[in-house]
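Take a moment with the sequence and the fold. We will walk through them in short steps.

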Amino acid sequence: VQLQASGGGLVQAGGSLRLSCAASGTISRINTMGWYRQAPGKERVSVAYILSGGRAHYVDSEGRFTISRDNAKNTVYLQMNSLTPKDTGIYFCKYTDGGGDYWGKGTQVTVSS
């Protein structure tokens, strides 16, 4: 499975970004896709994840982010609103199925104050 993330960039505090991550290869019908953030000098942490059936779980978004997916496109999205400088980091997409975990290369999100 290969993952291609996009949508990162530079945005002012209070702004919004929408990240996308497209999975390709052998995609299982049952899988989980999620987003992780790695801030400079810190560990990678889970932001949100969503099951193939559509159930979403939020770990670190404070109600400002919405994760969604389009199974027909094998794509997961992360809508991020009211961004703050603390949201700065590299955002990685992860795909999980019975075969294991697969990671994309990440997309940089920088929020200026």
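Cysteine 21 and cysteine 93 form a disulfide, with 2.2 Å between their sulfur atoms. A disulfide here is a pair of cysteine sulfur atoms within 2.5 Å. By that rule, the count is one disulfide. The pair links distant parts of the chain. Cysteine 21 lies in strand β3 (residues 17–24), cysteine 93 lies in strand β9, and they are 72 residues apart. Strands are DSSP runs of E with at least two residues, numbered from the N terminus.

This is a predicted model, in which local features need pLDDT of at least 70 and side-chain atom pairs count only at pLDDT 80 or more, while totals for chains, interfaces and linings use all residues. Residues are numbered from 1 along each chain as its sequence is written, and side-chain values use heavy atoms, leaving out hydrogens and water.

Why is the disulfide of cysteine 21 and cysteine 93 left-handed? The torsion about its S-S bond is about -85°, so the disulfide is left-handed.

Are cysteine 21 and cysteine 93 buried or exposed? Both cysteine 21 and cysteine 93 are buried. Buried means under 20% relative accessible area, exposed means over 50%, and partly exposed is in between (1.4 Å probe, protein chains only).

Now follow strand β9. Seven of the nine residues in β9 are buried, so the strand counts as mostly covered. β9 also has partners. Two strands pair if DSSP finds at least two bridges between them. Strand β4 (residues 32–38) runs antiparallel to β9, and seven bridges join them. Tryptophan 35 stands opposite cysteine 93 in β9.

Strand β10 (residues 100–103) is another antiparallel partner of β9, with four bridges. Aspartate 97 has glycine 100 in β10 as its bridge partner. β9 and β10 form a hairpin, and two residues sit between them.

Next, turn to two loop residues. Asparagine 74 is in the loop between β7 (65–70) and β8 (75–80). Its phi is near 50°, a positive value in a residue other than glycine. Asparagine 74 is partly exposed, with a relative accessible area of 26%. Serine 82 is in the loop between β8 and β9 (89–97). The phi of serine 82 is near 50°, again positive in a residue other than glycine. Serine 82 is partly exposed, with a relative accessible area of 41%.
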